[in-house]
Amino acid sequence: SRGSHKSVYHAIELFGLIPHFILPSFIPDSTIFGSITPNQVEQLLRQYPNIRAVFLTSPSYEGIISDIAQIAKICHAKNIPLLVDEAHGAHLGLSDGFPAGAVHCDADLVVQSLHKTLPSLTQTAILHCCGNRIDSAQIRHALSIFQSSSPSYLLMASIDGCVTLLHQHPELFKYWRDNLRIFDDSISNLYHVQALMRTTPLPQEVFAYDPGKILIHAPGYSGSAVMELLRKEFSIELEMATSHYALAMTGLGDTRKSLSQLAEALIKLDAILAQQEICDWEFESESEIYGFLPSLSIAPETAVHSPRRLLSWEQCPGHIAAEYVWAYPPGIPILIPGETIDTGLARILAHISAIPGRLHSTFNGLSKGIYVVSTK
């Protein structure tokens, strides 16, 4: 999927793989990707019969879930394994109040980050190896290569503690879901501020949605302006903001009080925004920078190890990128090595790179331009 985390792109680079990308549709009137559809996967497998594996991100950073069960059937009919980045969905399938997760939908490998939504320390993640299409011995060998030979017993104990808590207190999921329903009821009369995806029916571009993610949108105002107002006026820190929306993440540890405080802040913010004219828009770029498929001229591995030179943003169109460029969060590459840079993308990157801390790159030369593959 085009919206994969940069770690996936690094794996592509390390193993000299040639990726074929799937680009989901945008949800109307937003800069948010919808779900990846089974039809998209089926078409790509038919177009490229030599594909060896399918890798998807579900849920997305915004909580958008794809139809993993149906996609798994399509992949398995061709004996192709399905790998799913479910970093933001470790809680899925553990309670009736949340959609089913990839483990329950027959994916072959599923990565989950416990710390994102469950009570566990940062850097605690688990890999589910399901079925028999992928050799578990090969998995253990790969882990011995890429993991530390000195594991953190503190982190492993945190994982054990988290799993034990979930096993002994399943009612915590009901408490979390009930609190989210109370939150939804309390903000049902907002006029200016919108909490996206929290009403039914969902947009046709969305298969399912994780209610634990709260997307806050105020038409006419940037997500950054909303985030700054919540920080300044209500001492509430959100997860991230784009030009279109701000994202609040909830987890098993959130209380009824904390969600009530957010609801009260949104109600007050709704009244504030109705009386103020705020023009703090960032460059409206998310749909432009992610709304296309990368045009790879050479393999990412080749580009990274080729001689490179630094060009200004004005000079780089038509050249092949030699480095990654990404915004963090969410850590999705905007530009990848091996991709030919066009004029529109160079213009967008030049603009966003002027915003301190917004963009990052492999060689940190963004203030002066971008590293490209040298043809000399």
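1. D108 sits in the loop between β3 (82-85) and β4 (109-113). Helices (H or I, at least four residues) and strands (E, at least two) are DSSP runs, numbered from the N terminus. The model is predicted: local features need pLDDT of at least 70, side-chain atom pairs count only at pLDDT 80 or more, and totals for chains, interfaces and linings use all residues. Residues are numbered from 1 along each chain as its sequence is written, and side-chain values use heavy atoms, with hydrogens and water left out.

2. D108 counts as buried because its relative accessibility is 1%. Buried means under 20% relative accessible area, exposed over 50%, partly exposed in between (1.4 Å probe, protein chains only). The side chain of D108 makes two polar contacts worth checking on screen: one with the side chain of H76, at 2.7 Å, and one with the backbone nitrogen of L82, at 2.7 Å. A polar contact is a pair of N or O atoms within 3.5 Å; within protein, one must be able to donate a hydrogen and the other to accept it, and residues adjacent in sequence count only if both atoms are side-chain atoms.

3. The surroundings of D108 come from several stretches of sequence. Leaving out residues up to four places away in sequence, D108 touches H76, I80, P81, L82, H128, C129, C130, R133 and I134. Contact here means heavy atoms within 4.5 Å.

4. D108 also forms a salt bridge with R133, the closest N and O atoms being 3.5 Å apart. A salt bridge is a side-chain nitrogen of Lys or Arg within 4 Å of a carboxyl oxygen of Asp or Glu. This pair links distant parts of the chain: D108 lies in the loop between β3 and β4, R133 in the loop between β5 (125-129) and α5 (136-146), 25 residues apart. R133 counts as partly exposed, because its relative accessibility is 35%. D108 is buried, at 1%.

5. The whole structure holds six salt bridges. Side chains of opposite charge can pair when their charged atoms come close. D178 is partly exposed at 21% relative accessibility, and R181 is partly exposed at 41%. K174 joins D178 and R181 in a network of salt bridges.

6. R198 and D184 form another salt bridge, at 2.5 Å, N to O. Distant parts of the chain are linked here too: R198 is in the loop between β6 and β7 (208-209), D184 in helix α7, 14 residues apart. Both R198 and D184 are buried.

7. Next, the nonpolar cores. The largest has 39 residues, and those with the most contacts inside it are L118, F183, I216, L230, L238, L266 and L269. A nonpolar core is a set of buried Ala, Val, Leu, Ile, Met, Phe, Trp, Tyr and Cys residues joined through side-chain atoms within 4.5 Å. At least two residues of this core come from each of α6 (153-168), α7 (171-186), β8 (213-217), α8 (223-234), β10 (246-249) and α9 (256-275). The largest share, seven residues, is from α9. A second, separate core has 20 residues, including I71, L82, V84 and A107.

8. L238 deserves a look of its own. Beyond residues up to four places away in sequence, L238 touches I216, M227, L230, A246, L247 and A248.

9. An open sheet of four strands runs in the order β6-β8-β10-β9, with antiparallel pairing. Two strands pair if DSSP finds at least two bridges between them. β6 (194-196) and β9 (240-241) are the edge strands, each pairing on one side only. β8 and β10 pair in the antiparallel sense over four bridges. I214 stands opposite A248 in β10.

10. E323 lies in the loop between β11 (308-311) and β12 (325-327). E323 is buried, with a relative accessible area of 0%. Its C-alpha atom is separated by 11 Å from that of P307, 16 residues apart along the chain.

11. What does the side chain of E323 reach? Apart from neighbours within four places in sequence, E323 is in contact with L335, I336, P337, S361, T362, F363, N364, I370 and Y371.
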